[in-house]
Amino acid sequence: MELRPYQKDCISTIEAQPPGSYLVQMATGLGKEQAWEDFMI
């Protein structure tokens with residue numbers, strides 16, 4: 001599944017941060033699960 005631009009932006013923002021724990025907030029229906037699955041691969 002192709003990610004939407006805002007999902008890709010979210011992933012690239014997380015990857016640009018130094019190692020650590022981060023909290024990501026996305027509204028209902030924005031595809032959190034799909035973004036998470038892509039991030040973990």
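Colleague: Let me start with one side chain: does Gln7 count as buried or exposed?

Modeller: Bearing in mind that this is a predicted model, Gln7 counts as buried, because its relative accessibility is 3% and the cut-off for that class is under 20%.

Colleague: And where does Gln7 lie?

Modeller: Gln7 lies in helix H1, which covers residues 5-15.

Colleague: Which residues does Gln7 touch, leaving out those up to four places away in sequence?

Modeller: With those left out, Gln7 touches Met26, Leu30 and Gly31, and the list continues with Gln34 and Ala35.

Colleague: How far is Gln7 from Met40, C-alpha to C-alpha?

Modeller: The C-alpha atoms of Gln7 and Met40 are 13 Å apart in space, while in sequence the two residues are 33 residues apart. Met40 has its place in helix H2, and Met40 counts as exposed, because its relative accessibility of 51% is over the 50% needed for that class.

Colleague: Stepping back to the whole chain, how many helices and strands are there?

Modeller: The chain has 2 helices and 0 strands, and its C-alpha trace spans about 25 × 20 × 15 Å along the principal axes.

Colleague: What percentage of the residues count as buried?

Modeller: The chain has 41 residues, and 17% of them count as buried. As for the surface, the chain exposes about 3,600 Å², with carbon and sulfur atoms supplying 57% of that area.

Colleague: Turning to charges, how many salt bridges does the structure hold?

Modeller: The structure holds 1 salt bridge, which Lys8 forms with Glu2, and the closest N and O atoms of that pair are 2.6 Å apart.

Colleague: Are those two partners buried or exposed?

Modeller: Lys8 is partly exposed, with a relative accessible area of 39%, whereas Glu2 is exposed, with a relative accessible area of 61%.

Colleague: Which residues form the negative surface patch?

Modeller: The negative patch is formed by Glu15 and Glu33 together with Glu37 and Asp38, and helix H2, residues 32-40, gives the most to that patch, with 3 residues.

Colleague: Which residues is Asp38 in contact with, beyond its neighbours within four places in sequence?

Modeller: Once those neighbours are set aside, Asp38 is in contact with Leu3 and Ile11. Asp38 also has its place in helix H2, and Asp38 counts as partly exposed, because its relative accessibility is 40%, which falls between the 20% and 50% limits.

Colleague: How far apart are the C-alpha atoms of Asp38 and Ala27?

Modeller: The C-alpha atoms of Asp38 and Ala27 are separated by 18 Å, and the two residues are 11 residues apart along the chain.

Key: Residues numbered from 1 in each chain as written. Predicted model: local features only at pLDDT ≥ 70, side-chain atom pairs only at ≥ 80, totals over all residues. Heavy atoms only, no water. Helix = DSSP H or I, 4+ residues; strand = E, 2+ residues; numbered from the N terminus. Buried < 20%, exposed > 50% of the residue type's maximum accessible area, 1.4 Å probe, protein only. Areas by Shrake-Rupley, 256 points an atom, 1.4 Å probe, with all protein chains shown as cover. Patch = residues over 30% accessible without salt bridge, like charges linked within 9 Å, V, L, I, M, F, W, Y side chains within 5 Å. Salt bridge = Lys/Arg side-chain N within 4 Å of Asp/Glu carboxyl O. Lys, Arg positive; Asp, Glu negative; His and termini not counted. Charge placed at Lys NZ, Arg CZ, Asp CG, Glu CD. Contact = heavy atoms within 4.5 Å.
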